[in-house]
Amino acid sequence: MTTTFDPATIEVLQQQKKTHPWRKRTTKFDVSVAIAVAVPLAIVIALFLFSDFPGALIMAIYLPLQMFASGCAAVATKGKRGILDSVIIVNAVGASVFSFVVLLSVAWSLISHGLKALSIPFLTQNSTYISPSTPLEYGGMAHAALGTLLIVTISALIAVPIGIATAIYITEVRGKAVPYVRFFVQSMSGVPSVVAGLFILTTLILTGAINTSAFAGGLAYAVLMLPTVARTAEEVLRLVPDDLRTGALALGSTRARTVLQVVIPAAKTGIVTAIILGIARVIGETAPLLMTSGKNDATVTNPFSDPISTLPVSIFENVAQPYPDAVTRAWGAALILMVMVAILFTAARLLGRNKIK
Amino acid sequence: MANIDLEQRDLQAAATSHRGDRIFNRSITAAAFVSLVILAGIAIFLGAQAVPVFQQLGFGFLTSTAWDLNSDPISVGIFGMLYGSILLALIALVIAVPASLLLSIFIVFLAPKKLASILTNAIDLMAAIPSVILGLWAFYMLNPQAAEWQSLLHDYLGWIPLFQNDSGNFLGTPFIGGFILAIMVIPITTSVTREVLARTPPELVNAAESLGCSLWTMLRYVALPYGRGGIVGGIMLGLGRALGETIAVFFVLKLIYDTNWYHVIESGGGSVATLIVSRFGEASGPFEVQLLLAAGFFLFLMTLIVNMIANLIVSRTGRLKK
């Protein structure tokens, strides 16, 4: 039960919470930190400009140097026991900078290499009559983008209903097997993507039940998508207040109607987020598609008949080719794929802000 | 959270009183067991492919290292690949575990709110980059950099057996493979450890600090013991991902059918998942495909066990019980 406070009281309480008298910073502390940051940086920049050490070695010198300087600052302000703190802080900032650098490097390389490939034909044509050595003006990735969209749609059609049903079982039906179902869903989220591909290959393709096709790829993707959808949907259904359920039941609604007409609509945006996250999880998976949907230079629209190309497989095929134009094609396909992922990611974030309306 | 907890008994009573509800309940229950069916299906169907392989090759399939289908009798074994997968995962964890712990400490205890939320988003975005794109990036952007780092390691620390390199070739090494895996593991591990550390009761943190604890003392005696189970679970989840990752490693690791025990900056190593992808395209016949399916079976078993342990640890610490 929430207790109601006078709003003014809450404000006073929050202000009290924010004053940490033991965290007071002194001028001496600020000055020491400034010196500890500036001196190693100056040394490293000097080394970089006036010596012929390789850049990587200078970075390797910088980190211990920075830790030593910060340690000195710590001893000066807080005594010996500040040393470990300063080491932690320097490395924590280092780890954060590292992750930003990786992210920016990936983004920059995608944009700088990928934009070279982008053109109207690249986005609208397929790769029939295109070999790795064909110049960049001819052919495109439209067939692969179409293939990716087709396979993702098929897998969503299969995995989303089952995933949401699993979540409903855990939060609404609350049968006896809930802990086991949860455990299996979690274990399933760790299935390597290549194993999902092998599973569909050995059960359905090698036995002749279905062709190497978009449908087979969609099944392999569905194996990977199901746990993500189920787990996320479970979290959002859990946020629906029980008052709504009891209210609906008290009005004489059946369980099925309560779930379908009250609980699910209440968690609508959250469930859309779950679907988006599921799609984002699988859209770049390559290994299962190599085994289940193969590749095809022509545009394929029948999901059951022929092998079909996809963006990840096209990247896979074009990397490490000795022809620069083929490599640029790979970067272009990667850029298209990353844009798709970024759109999904942003949509999930925007929707995730208010999961329950 | 809800303030009225529905009793399971009430729900069952409500659920069985109406015919439509019974159908609804049964179909939902059936759908909930699909994940179990798929897991069992993978185990049974891939396991069935492993049986004839074992009949022909015996335990040599698991204990030897070779991939030669033309010799008579054929010599095939995946020990080097299984070991290589573990070696790569260990390298990834050596890099990713300290990095994710430091990242989550920075996000939870040190960074101003705005920076913390930017960093959290950046790391989530890192998790969303498809592995094929990371592989492409690693092949063209990371490889030259990493070769330079490794040659420095070799120049200055080459006397340590770990950093031996006799060939002078620093590409396709387990180190680069492990590094790219670390980049994929960091977001997974960080998201768990961050959540666990953020759940440290603020009154404990404030009490520790007001008693004069330094940051390290507070972490050592309050935050880390409090979140120990969750942190271990997060690391195990990362390990599961590292063992099963395929494409990015395929691009940067030179696959050799030999066991590279510990020469982490020597070109060549093994990985089961990468073996499957690289041999699948040029498989010589149904028997080679069967060998790859058997290899996939052991990869599945390895990751399943790691993930099950991880999930047990994480759920026992209460992260998933709400």
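Predicted model: local features only at pLDDT ≥ 70, side-chain atom pairs only at ≥ 80, totals over all residues.
Local features are reported at pLDDT of at least 70 and side-chain atom pairs at pLDDT 80 or more, while totals for chains, interfaces and linings use all residues. Residues are numbered from 1 along each chain as its sequence is written, and chains are lettered from A in the order in which they are written.

**Chain A overall**

- Chain A has 15 helices and zero strands; helices (H or I, at least four residues) and strands (E, at least two) are DSSP runs numbered from the N terminus.
- With a radius of gyration of 28 Å against the 21 Å that the globule rule gives for 357 residues, chain A is more spread out than a compact globule. The radius is taken over C-alpha atoms, and the rule is 2.2 Å times the number of residues to the power 0.38.
- The C-alpha trace of chain A spans about 75 × 70 × 35 Å along its principal axes.
- Of the 357 residues in chain A, 46% are buried. A residue is buried if 20 or more other C-beta atoms lie within 10 Å of its own, exposed if 12 or fewer, and partly exposed in between, with C-beta atoms placed from the backbone.
- Among chain A contacts between residues at least 6 apart in sequence, 73% join residues at least 24 apart; a contact requires C-beta atoms, placed from the backbone, within 7 Å.
- Domain 1 of chain A covers 26-101 and domain 2 covers 142-352, with bounds from an automatic or database domain assignment. The C-alpha centres of these two domains of chain A are 45 Å apart.

**Chain B overall**

- Chain B has 14 helices and two strands.
- Its C-alpha atoms fill a box of roughly 70 × 60 × 30 Å along the principal axes.
- Of the 322 residues in chain B, 48% are buried.
- Residues 24 or more positions apart account for 76% of the chain B contacts with a separation of 6 or more.
- Chain B divides into domain 1 (8-57) and domain 2 (61-316), whose C-alpha centres lie 32 Å apart. Each of these domains of chain B gives nine residues to the contact between them.
- On the domain 1 side of that contact in chain B there are seven nonpolar, two polar and no charged residues. Ala, Val, Leu, Ile, Met, Phe, Trp, Tyr, Cys and Pro count as nonpolar, Asp, Glu, Lys and Arg as charged, and the others, Gly among them, as polar.

- The contact between the chains takes 81 residues from chain A and 78 residues from chain B. The chain B side consists of 54 nonpolar, 19 polar and five charged residues.
- The largest nonpolar core has 197 residues, and A:Ala334 and B:Ile180 have the most contacts inside it. Such a core is a set of buried Ala, Val, Leu, Ile, Met, Phe, Trp, Tyr and Cys residues joined through C-beta atoms within 7 Å.
- Helix α5 (residues 79-110) of chain B gives this core its largest share, 19 residues.
- Another core, of five residues, lies apart from it and includes A:Ala69, A:Ala73, A:Ala74 and A:Ile83.
- Beyond neighbours within four places in sequence, A:Ala334 contacts A:Leu110, A:Gly114, A:Ile315, B:Ile133 and B:Leu136.

**Helices**

- In α8(A), 11 of the 13 residues are buried, so this helix is largely enclosed by the rest of the structure.
- The buried residues of α8(A) pack against α9 (214-239) and α13 (287-292) of chain A, and against α3 (34-57), α13 (272-280) and α14 (286-316) of chain B.
- Helix α8 (residues 193-205) of chain A should span 18 Å at 1.5 Å a residue, and its end C-alpha atoms are 17 Å apart, which agrees. The expected span is 1.5 Å times one less than the number of residues.
- Helix α11 (residues 228-244) of chain B should span 24 Å, in agreement with end C-alpha atoms 25 Å apart. In α11(B), 14 of the 17 residues are buried.

**Individual residues**

- A:Ala256 is in helix α11 (residues 255-266) of chain A and is partly exposed, with 19 other C-beta atoms within 10 Å.
- Not counting residues up to four places away in sequence, A:Ala256 touches B:Gly20, B:Asp21 and B:Phe24.
- A:Tyr129, in the loop between α5 (120-124) and α6 (142-173) of chain A, has a positive phi of about 65 degrees although it is not a glycine. A:Tyr129 is exposed, with 10 other C-beta atoms within 10 Å.
- A:Arg174, in the loop between α6 and α7 (178-188) of chain A, has a positive phi near 45 degrees. A:Arg174 is partly exposed, with 16 other C-beta atoms within 10 Å.

Terms used. Contact = placed C-beta atoms within 7 Å.
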